[in-house]
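Here are my notes from going through this one, as numbered points. Have the structure open while you read.

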Amino acid sequence: MQHRSFLLLTLLALLALTSAVAKKKDKLKKGSPGSECSEWTWGPCTPSSKDCGAGFREGTCGAQTQRVRCRVPCNWKKEFGADCKYKFENWGSCDGGSGTKARQGTLKKARYNAQCQETIRVTKPCTPKTKAKAKAKKGKGKD
């Protein structure tokens, strides 16, 4: 009889303990971005060192503030930010006057409520046609 009551008491204690842990996990989930508060305002991802890599983003909602981990890609375009995702057209032809070529991008996705331009225009320097030169060199080496 004593053995049964000990087992029953142990079972009840274990049940109470798991219930308390589950409630604690629910409270942690409620504090996560977007769950308890619906109007989170997020700042840009700030790398911990240099200008790319792992870092943090701060968010505020009323009196609450949070820091979440984020990552800035090392090939991101600083002009329009890492949180603005664009779909780009093909590169245009080379402008002989400026020595650059351009393409346009339309906004595909704005992450973390980032303020993004609907359309952007990016340029890059024209490159000489190296493929033709490489093929010519290969042809000469086959003699």
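1. Let's begin with a disulfide: the S-S torsion of Cys94 and Cys126 is about 110 degrees, so this link is right-handed. The two sulfur atoms sit 1.9 Å apart. Bear in mind that this is a predicted model.

2. Where do Cys94 and Cys126 lie? Cys94 is in the loop between S5 and S6, while Cys126 is in the loop between S7 and helix H2 (130–141). Cys94 has a relative accessible area of 46%, so it counts as partly exposed.

3. How many disulfides are there? The count is three. Another one joins Cys84 to Cys116, with an S to S distance of 1.9 Å. This link is left-handed, at -85 degrees about the S-S bond. It connects Cys84 in strand S5 with Cys116 in the loop between strand S6 (100–110) and strand S7 (119–125), 32 residues apart. Both Cys84 and Cys116 are buried.

4. Then there is Cys45 with Cys70, sulfur atoms 1.9 Å apart. The torsion here is about 95 degrees, so the disulfide is right-handed. Cys45 belongs to the loop between strand S1 (41–42) and strand S2 (46–47), and Cys70 to strand S4 (residues 64–72), so the bond ties together parts 25 residues apart in sequence. Cys45 and Cys70 are buried.

5. On to the aromatics: the whole structure has three aromatic pairs. One of them, Trp40 with Trp42, is stacked, at 5.4 Å centre to centre and 20 degrees between the planes. Trp40 and Trp42 are both buried. Ring pairs also bring in Tyr112, giving a cluster of Trp40, Trp42 and Tyr112.

6. Tyr86 and Phe88 make a tilted pair, with 6.2 Å between centres and 50 degrees between planes. Buried or partly exposed, for Tyr86? Tyr86 is buried, at 10% relative accessibility, whereas Phe88, at 28%, is partly exposed.

7. Two arginines are worth a look. The charged end of Arg57 sits over the Tyr112 ring, 3.9 Å from its centre. Arg67 lies over the face of Phe56, 4.2 Å from the ring centre.

8. Last, Lys85, which is in strand S5 (residues 84–88). Its relative accessible area is 30%, so Lys85 is partly exposed. Beyond its neighbours within four places in sequence, Lys85 is in contact with Thr106, Leu107, Lys108, Lys109 and Arg111. Lys85 and Leu107 are 22 residues apart along the chain, with their C-alpha atoms separated by 6.1 Å.

Terms used
Residues numbered from 1 in each chain as written. Predicted model: local features only at pLDDT ≥ 70, side-chain atom pairs only at ≥ 80, totals over all residues. Heavy atoms only, no water. Phe/Tyr/Trp six-rings, centres within 6.5 Å; stacked < 30°, edge-to-face > 60°. Buried < 20%, exposed > 50% of the residue type's maximum accessible area, 1.4 Å probe, protein only. Lys NZ or Arg CZ within 6 Å of the ring centre and 35° of its normal. Helix = DSSP H or I, 4+ residues; strand = E, 2+ residues; numbered from the N terminus. Contact = heavy atoms within 4.5 Å. Disulfide = S-S within 2.5 Å.
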